[in-house]
Amino acid sequence: IDKYEVSQKAFEKVRGGNPSKFIGADLPVDQVTWLEANAYCTKIGKRLPTEAEWEKAARGGTTTLYYWGDQIDGAYAWFSDNSDGKTHPIGQRKPNNLGIFDMNGNVWEWIADWYGKSYYESSPKDNPKGPETGEEKVLRGGSWYSGSRHLTTSTRYWSPPNTRNSNFGFRCVSDLPKP
């Protein structure tokens, strides 16, 4: 999984435009739809992460509410208490144990999977891929607008794939080369 959320500079270079509300080259791209996020990742030879991949990367080997522990800590995430109502340049908060930045806060991250409210009650135990179809896509991680309870590593959100929101962004993932 990418170390950082996709920046506006990177998005503009690939897609030729910038849908963001908060403008800045090093800010995460926001107001991007799932369709645009998916197209970006595909164009650079990557893809959006599955929900299982995102959570494994976000946890960084931990089992706590947040990857840094069980109490909210503004040193690790931009959220409603410290964001001043806007996004911030990527990579300014402390990374998780895997060296990945902004997995919680700054912008919600679009996920490849369709959302299913009760999907995990009957999903495969290992590497579930989400329902085959749906009307809404999953978002993970919380945002600059979120309260602390929406920043927990297990929190799930969902929205139709054509939605634009100033707290929606994304990061990409690459498949490992086959041996």
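**Note on the disulfide and aromatic contacts**

1. The link of Cys 41 and Cys 172 is left-handed, with -85° about the S-S bond. Cys 41 belongs to helix H2 (residues 34-43) and Cys 172 to the segment after strand E4 (168-169), so the pair ties together parts that are 131 residues apart in sequence. Helices (H or I, at least four residues) and strands (E, at least two) are DSSP runs, numbered from the N terminus.

2. This is a predicted model, in which local features need pLDDT of at least 70 and side-chain atom pairs count only at pLDDT 80 or more, whereas totals for chains, interfaces and linings use all residues. Residues are numbered from 1 along each chain as its sequence is written, and side-chain values use heavy atoms, with hydrogens and water left out.

3. The sulfur atoms of Cys 41 and Cys 172 are 2.2 Å apart, where a disulfide is a pair of cysteine sulfur atoms within 2.5 Å; by this rule the count comes to 1 disulfide. Cys 41 and Cys 172 are both buried, a term for under 20% relative accessible area, with exposed meaning over 50% and partly exposed in between (1.4 Å probe, protein chains only).

4. A search of the whole structure finds 15 aromatic pairs, taking rings of Phe, Tyr and Trp (its six-membered ring) whose centres lie within 6.5 Å, with planes under 30 degrees apart counted as stacked, over 60 as edge-to-face and the rest as tilted. One of them, formed by Tyr 4 and Phe 101, is stacked, at 5.1 Å centre to centre and 20° between the planes. This pair links distant parts of the chain, 97 residues apart, with Tyr 4 in the segment before helix H1 (8-15) and Phe 101 in the loop between helix H3 (51-59) and strand E1 (108-114). Tyr 4 counts as partly exposed because its relative accessibility is 33%, while Phe 101, at 13%, counts as buried.

5. Tyr 40 and Phe 170 form an edge-to-face aromatic pair, 5.4 Å centre to centre and with 70° between the planes. Tyr 40 lies in helix H2 and Phe 170 in the segment after E4, so that distant parts of the chain, 130 residues apart, are linked by the pair. Both Tyr 40 and Phe 170 are buried.

6. One aromatic cluster is formed by Trp 108, Trp 110, Tyr 115, Tyr 157, Trp 158 and Phe 168.

7. The charged end of Arg 93 sits over the ring of Trp 78, 3.6 Å from its centre, and Lys 137 lies over the face of Trp 114, at 3.9 Å from the ring centre. The criterion is that NZ of Lys or CZ of Arg is within 6 Å of the ring centre and within 35 degrees of the ring normal.
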